[in-house]
Amino acid sequence: MSIIEVNHLTKYYGKSRGIVDVSFNVEEGEIFGFIGPNGAGKSTTIRLFLSLIFPTDGDAKVFGKDCIQFGPELRQEIGYLPSEVFYYEGMKVLDLLKYSASFFKKDCTKRLHDLAELMELDLNRRISDLSYGNRKKVGIVQGLLHQPKLIILDEPTAGLDPLMQHKFFNLIREENKRGATIFFSSHILGEVQRMCNRVAIIKEGSITEIKDMKTLQKDQYKKIRVTADGLDDDIFQVEGVSEIERENGTVSFFFKGDINTITGLVSKETLSDLTIEDLTLEEIFMHYYE
Amino acid sequence: MNIILRELRANLKSLLIWSGIVILFSLVGFSKFSAFYGNPELLSILDSMPAPVISTLNMNAFNLTTVTGFFGIMVMYFSLILAIAAVMWGSDTISKEERDRTVEFSLTLPVTRGRVVIAKTVAAAVNCIALLLVTWGITVVGAQNYQPDEQFYKFVSLTMLAFLFLQMIFLALGIFLGCALKRHKLAGSLAMGILLGTYFLSILSGLTKDLEFLKYFTPFKYFDAAFLLRESRLELLFILLSLGIVAVLLAAAYASYSKRDVYI
């Protein structure tokens, strides 16, 4: 069964574009990545799922039901973590979480405390006293305390330190194993690559590609930088290399293909430095799609 | 119920501040009145003032040397304070969520927008009633030094009932603007603008007979203090008009908020 079905979903804010003719499905149990640069329409799509805004055309279904008509009923089983979390400033963390829990039909008390302990969240502080990262933790607990069947994450790791990011991703994987479907929007390709089974790429309001993660990784370019004395950049004129640049004895280029080709080439040189890294999403967009 | 309780707690500070304003205003008023009380010279001074001034200050119907007459003058100021508090609570209760961006939390909970509007309306109405009771209490307490008679108590009670209608109209107006306007910053200022506009209409309508028809367009004139004192009743026409306005505004608020995009 498809957990999310999006059919020709279109949203204009007056004359300005939100998203145009977006269609895709998210299957049960998937971790579905949704990537694109800022302003591509990621948050617009998510806000349409949550009926915070209303579509200009097309529709979206969650659990097989229209997400406008059945919004409140569907949200019993949706957990949402926005990119920036805003809560009532004057409230204590515990009061806010209890308030949130009071809207759900099931008893969330135990889960609330378990999650808070896991995320090392102090429940007795006021929201207004919390740092950005701690607010995010409140958001994580609030979004997950009712054990939702669908978890929607919108750039979830911003503001979390690496340790917390690690804990958070483990938590999401556990939720996924329990049977929850994850919709994961981000502009950080690395975390999407690690987490997701499938990924949709959105650019300027339209879906440019929906790919299996494995296929995308095979197609993935690497960014390689080689530093060595007397290095001749002509040796890199092989299949799969592009955009060779030379600067102060360092040669940098993009490479797509079998990585052993490159390691074979550089093994003959006396290197002082070598880096091989994944492209950031921005670089992919600039290099790959334009 | 959970939304109502949370709103009441969040609004408590504002209620205390407005109660403070009402109490301070009454104390200042009563201390001024102590100079007029039982002072016949004042009447002759008032008689020498031009008629439009007297009318604007709403002094033609009242004998300022009695506590009943004094309260009759105070009605104008109380009504302004109560109406401003009501319209601000109304517009703020909806628009603050967009201003503080908490709407992304509150409307992604499993609630209908209609339920949110109703709960917030109830909470703001409770606030209005609480402020009205404070006004009532301080008036009765302040009057104790000036031998209030039965007519005074009757007049005050009736006026409080009239205030309640006034508050509900402006509360509904505030809620409607908060719900209907996409630009949340506009809701508060537009609500205040309409309030002051209708207030000046109420002054205009008192100036000459030709402008009297304006009273249908300003809630401040629906229950005129002089009429309440003279007749000891509210006019049925204006009760129905008030209820109609409240019903239409709230229905429009409910309908528009259920269908519009929220901006974050």
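In chain A, six strands form an open sheet in the order β6-β7-β8-β3-β9-β10, with mixed pairing; helices (H or I, at least four residues) and strands (E, at least two) are DSSP runs numbered from the N terminus, and two strands pair if DSSP finds at least two bridges between them. The model is a predicted one, in which local features need pLDDT of at least 70 and side-chain atom pairs count only at pLDDT 80 or more, whereas totals for chains, interfaces and linings use all residues. Residues are numbered from 1 along each chain as its sequence is written, and chains are lettered from A and ligands numbered from 1 in the order in which they are written.

Strand β6(A) runs parallel to β7 (residues 150-154) of chain A and is joined to it by 4 bridges, with A:G79 having A:I151 as its bridge partner in β7(A). Helix α1 (residues 42-49) of chain A packs on the sheet, where it touches β3 (31-35), β7, β8 (181-186) and β9 (198-203) of chain A, and its direction makes about 150° with that of β7(A); axes are lines fitted to C-alpha atoms, for helices over the stretch in contact, and angles run from 0 to 180 degrees between N-to-C directions.

Chain A is divided into domain 1 (2-217) and domain 2 (221-288), with bounds that come from an automatic or database domain assignment. The centres of these two domains of chain A, taken over C-alpha atoms, are separated by 37 Å.

Two residues of chain A were examined individually. A:F63 is located in the loop between β4 (57-62) and β5 (65-66) of chain A, and it counts as partly exposed because 19 C-beta neighbours lie inside 10 Å; a residue is buried with 20 or more other C-beta atoms within 10 Å of its own, exposed with 12 or fewer, and partly exposed in between, the C-beta atoms being placed from the backbone. Neighbours within four places in sequence set aside, A:F63 is in contact with A:I3, A:L74 and A:E77, contact being defined by C-beta atoms, placed from the backbone, that lie within 7 Å. A:F63 and A:E89 are 26 residues apart in sequence and 33 Å apart in space, C-alpha to C-alpha. A:I244, in strand β12 (residues 241-247) of chain A, is likewise partly exposed, with 13 other C-beta atoms within 10 Å. Under the exclusion of neighbours within four places in sequence, A:I244 is in contact with A:D233, A:F236, A:V251 and A:F253, while A:I244 and A:I224, 20 residues apart in sequence, are 9.7 Å apart in space, C-alpha to C-alpha.

Chain B contains 10 helices and 0 strands. Its radius of gyration is 20 Å, close to the 18 Å that the globule rule gives for 264 residues, so chain B is as compact as a globular protein of that length; the radius is taken over C-alpha atoms, and the rule is 2.2 Å times the number of residues to the power 0.38. Of the 264 residues of chain B, 40% count as buried.

The contact between the chains takes 18 residues from chain A and 17 residues from chain B. On the side of chain A that touches chain B, the residues divide into 13 nonpolar, 4 polar and 1 charged, where Ala, Val, Leu, Ile, Met, Phe, Trp, Tyr, Cys and Pro count as nonpolar, Asp, Glu, Lys and Arg as charged, and the others, Gly among them, as polar.

Notes:
Contact = placed C-beta atoms within 7 Å.
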